[in-house]
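The following exercises are to be worked through with the sequence and the model at hand. Each task is followed by a solution in steps.

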Amino acid sequence: MPMAKEPRAWIQIGVDIERVERFRKEMPPSGHFFSTIFTKREIEYCVSKVDPPIHFAGTFAAKEAAHKAVNRLTTNRILITSFEVTHGKDGAPNVSYTGKDSETKKVDIKISVSHTTEDAIAIALATLPS
Ligand SMILES: CC(C)(COP(=O)(O)OP(=O)(O)OC[C@H]1O[C@@H](n2cnc3c(N)ncnc32)[C@H](O)[C@@H]1OP(=O)(O)O)[C@@H](O)C(=O)NCCC(=O)NCCS
């Protein structure tokens, strides 16, 4: 019996590391710096934490990692502001892509974030269905 043909999938990864200090020195979060990079929901999430710059760094790292991964799946230009990080009830981060790029609009992205008081790191795995 012939083997079923595997569906073709495109997978890429991305990683980013950020210094927390970069975000600390831009505080308070009401400033232009934050509103150009983060969505309202992302800002609300980070400022709800005891030390927001740590979470801004983690959120930014997640957006950059997702951008790197998705960028490798398309020839079109995509923007970091097209990615939004939200969190599940268990605190696990999710990222959505709101860009209009026809090559990647169905992309599925998984992310993981970790931080110390000084640095934040994130990795992303982006998958396109066949
Ligand atoms: C989530 C968890 C792995 C965080 O580990 P940690 O070493 O304290 O922190 P890290 O810096 O490595 O990671 C923090 C990031 O993990 C992510 N995260 C949070 N909850 C998560 C979860 N359930 N699954 C995956 N990732 C999670 C978030 O992005 C968080 O960053 P944020 O606070 O900016 O949103 C850890 O707290 C855990 O295992 N929680 C599960 C629930 C649990 O066991 N609760 C304790 C009951 S006694």
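**Exercise 1.** Determine which strand gives the most to the shell around the ligand, and describe that shell.

Step 1. Strand β4, residues 108-115, gives the most, with three residues. Helices (H or I, at least four residues) and strands (E, at least two) are DSSP runs, numbered from the N terminus. This is a predicted model, in which local features need pLDDT of at least 70 and side-chain atom pairs count only at pLDDT 80 or more, while totals for chains, interfaces and linings use all residues. Residues are numbered from 1 along each chain as its sequence is written, and side-chain values use heavy atoms, with hydrogens and water left out.

Step 2. The residues surrounding the ligand are Tyr45, His55, His87, Asp90, Gly91, Ala92, Pro93, Val113, Ser114 and His115; a residue is counted if one of its heavy atoms lies within 4 Å of the ligand.

Step 3. Sorted by class, the shell holds four nonpolar, five polar and one charged residues. Here Ala, Val, Leu, Ile, Met, Phe, Trp, Tyr, Cys and Pro count as nonpolar, Asp, Glu, Lys and Arg as charged, and the others, Gly among them, as polar.

**Exercise 2.** Identify polar contacts of the ligand, that is, pairs of N or O atoms within 3.5 Å.

Step 1. In the side chain of histidine 55, an N or O atom is 2.7 Å from an oxygen atom of the ligand.

Step 2. A polar backbone atom of glycine 91 is 3.3 Å from a nitrogen atom of the ligand.

Step 3. For valine 113, a polar backbone atom is 3.4 Å from an oxygen atom of the ligand. The ligand taken alone exposes 900 Å², of which the protein buries 40%; such areas come from the Shrake-Rupley method with a 1.4 Å probe, and for residues only the protein chains shown count as cover.

**Exercise 3.** Describe how strands β2 and β3 pair.

Step 1. Residues 83-87 (β2) and 93-97 (β3) pair in the antiparallel sense over five bridges; pairing requires that DSSP finds at least two bridges between two strands.

Step 2. Valine 85 has valine 95 of β3 opposite it.

Step 3. Five residues lie between the strands of this hairpin, and glycine 91 takes a positive phi near 90°.

**Exercise 4.** How many salt bridges does a search of the whole structure find, and why does the pair of aspartate 119 and arginine 19 tie together parts of the chain?

Step 1. The search finds seven, a salt bridge being a side-chain nitrogen of Lys or Arg within 4 Å of a carboxyl oxygen of Asp or Glu.

Step 2. Between aspartate 119 and arginine 19, the closest N and O atoms are 3.1 Å apart. Because aspartate 119 lies in strand β5 and arginine 19 in strand β1, the pair ties together parts that are 100 residues apart in sequence.

**Exercise 5.** Locate the cis peptide bond between methionine 27 and proline 28.

Step 1. Omega of this bond is about 10°.

Step 2. Proline 28 is placed in the loop between α1 (20-24) and α2 (32-37).

Definitions and conventions. Polar contact = N/O pair within 3.5 Å; in protein donor to acceptor, adjacent residues only side chain to side chain.
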